[in-house]
Amino acid sequence: MKNINFKGKKVLIRVDFNVPFNGQMEVTDATRIVAALPTINYVLEQGGRVILMSHLGRPLKKLMDDGSINVEKFSLKNVVPTLSEKLNRSVAFSENTVGEDAENLANNLSDGDVLLLENTRFHKGEKTGDVDFAKQLARLGDIYVNDAFGTAHRAHASTAIVANFFSDENKAPGFLIEKEMLNANKVLNNPAHPMTAIVGGAKVSDKILLLDKLIDSSDNIIIGGGMAYTFFKAMGGEIGNSLCEDDRLETAKALLVKAKAENTNIYLPYDSVIADEFNANARVKIQDSDKIPTGWMGLDIGPKAIETFSEVIKNSKTILWNGPMGVFEMDAFAKGTKSIAHAVADATQNGAFSLIGGGDSVAAIKKVGLADKVSFISTGGGAMLEYLEGKELPGIKAVV
Ligand code: AMP
């Protein structure tokens, strides 16, 4: 962006304003809007005319009974008050995402004006990456900036295809995308050692590529959450009714073999908080993770696991965390995730670089109130996961 002259130009910026709302359609978490401000403000300071576009939810999947779009629920108009407050200036809104009316509004902007377009996903061409829809979007701007890191792993019309209609000098990634890449690269390229990856969450199948890649770069991999039990079963353990992907037992074994060959330490939770029901009021006890009786399930890591994991984390210089250690949404099974969050914060305090990426671990660290005690929290769940897996993200490739 720093090489582009924005003065007097219409700058079409793809942002990620896919934010949550309450029943009155007020924004309840403005993190994504705030994350886009540096790019928007920079263009405004340079005398540009800002045209913002984003998706919001899945309007075409949740049509009204008569088959029409639920505009009230999915309109980006609902974002205008918060955006306007954060930018400290008025924001015009175009009820059409593309077409003559939208083009007229864009053409009538003055330097320093901001126009927000209606939800790109009101058009089916958005998700299919339709070239004609992308061309219509491109007609709205002289310059294209993609700053929607959260959707950079999708080759949608507004995130990637639209870039084909701009010359190399007239397109760029925004500051948020730059920042996300810079921080992810600290973990991916020559991390300070020891490097520890903490991987949790429900399923092994979602994290196989990540684990495979991390075995190459990490000294330690801590595996927690529901996915740990597939590993215990693969090693011949008894896991009762814990979450398990039977079709991934061989994969789990292969990952353990690879880690051993590459001298990467794998830490699985020695013990678990087990429950007799998937329920906040279930009976609970502490049990070795490979000796869980039938009828019981592991829903959090146990005290010994917390101790071992925390020790490893505290001795690390680079930390990557993706996925919770247990069913942290229920207080009875949140202790493991909370304790790990504290260990990551402590290590950061002592000079480690820590990156939290992937939706649920971000929610967890916020819940514990330690969001400002880690080095970087990614705004992109799936996008960060794919970037860490070493995949090329279409939304980034399109503008660099
Ligand atoms: P993911 O999206 O893969 O990071 O998974 C996050 C989800 O995994 C959260 O909703 C957790 O409740 C769930 N989870 C974590 N640990 C367990 C567990 N031991 N058993 C069942 N679900 C779990």
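Q: Which residues form one aromatic cluster?

A: F6, Y42 and F175 form one aromatic cluster, where rings of Phe, Tyr and Trp (its six-membered ring) pair if their centres lie within 6.5 Å, and planes under 30 degrees apart count as stacked, over 60 as edge-to-face and the rest as tilted. The model is predicted, with local features needing pLDDT of at least 70 and side-chain atom pairs counting only at pLDDT 80 or more, whereas totals for chains, interfaces and linings use all residues. Residues are numbered from 1 along each chain as its sequence is written, and side-chain values use heavy atoms, with hydrogens and water left out.

Q: How many aromatic pairs does a search of the whole structure find, and what geometry do Y42 and F175 have?

A: A pair of aromatic rings is described by the distance of the centres and the angle of the planes. In the whole structure, the search finds four aromatic pairs. For Y42 and F175, the ring centres are 5.2 Å apart and the planes stand at 75 degrees, so this pair is edge-to-face. The pair links distant parts of the chain, since Y42 belongs to helix α1 (residues 31-45) and F175 to helix α7 (residues 175-188), 133 residues apart; helices (H or I, at least four residues) and strands (E, at least two) are DSSP runs, numbered from the N terminus. Y42 counts as buried at 13% relative accessibility, and F175 likewise counts as buried at 18%, where buried means under 20% relative accessible area, exposed over 50% and partly exposed in between (1.4 Å probe, protein chains only).

Q: How are the rings of Y229 and F232 arranged, and are these residues buried or exposed?

A: Their ring centres are 6.3 Å apart and their planes are at 40 degrees, so the pair of Y229 and F232 is tilted. Because Y229 and F232 are three residues apart in helix α9 (residues 228-234), about one helical turn separates them. Both Y229 and F232 are buried.

Q: Which charged residue sits over the ring of W296?

A: The charged end of K285 sits over the ring of W296, at 4.5 Å from its centre; the criterion is that NZ of Lys or CZ of Arg is within 6 Å of the ring centre and within 35 degrees of the ring normal.

Q: Which way do the residues of β11 point, and with which strands does β11 pair?

A: In a regular strand the side chains alternate between the two faces of the sheet. Strand β11 (residues 271-275) is mostly covered, five of its five residues being buried. D271, V273 and A275 point one way from β11, while S272 and I274 point the other way. β11 pairs in the antiparallel sense with strand β12 (residues 284-288) over five bridges, and D271 stands opposite D288 in β12. With strand β14 (residues 297-301), β11 also pairs in the antiparallel sense, over four bridges, and there A275 stands opposite M297; two strands pair if DSSP finds at least two bridges between them.

Q: Which residues around the ligand come nearest, and which polar atoms lie where along it?

A: Of the 15 residues around the ligand, A202, G226, G298, E329 and D360 come nearest, a residue being near a molecule or strand if one of its heavy atoms lies within 4 Å of it. A polar backbone atom of G298 is 2.9 Å from a nitrogen atom of the ligand, and an N or O atom in the side chain of E329 is 2.5 Å from a ligand oxygen atom. K207 has a polar side-chain atom 3.4 Å from an oxygen atom of the ligand. Taken alone the ligand exposes 500 Å², and the protein buries 80% of that; accessible areas come from the Shrake-Rupley method with a 1.4 Å probe, and for residues only the protein chains shown count as cover.

Technical notes: A polar contact is a pair of N or O atoms within 3.5 Å; within protein, one must be able to donate a hydrogen and the other to accept it, and residues adjacent in sequence count only if both atoms are side-chain atoms.
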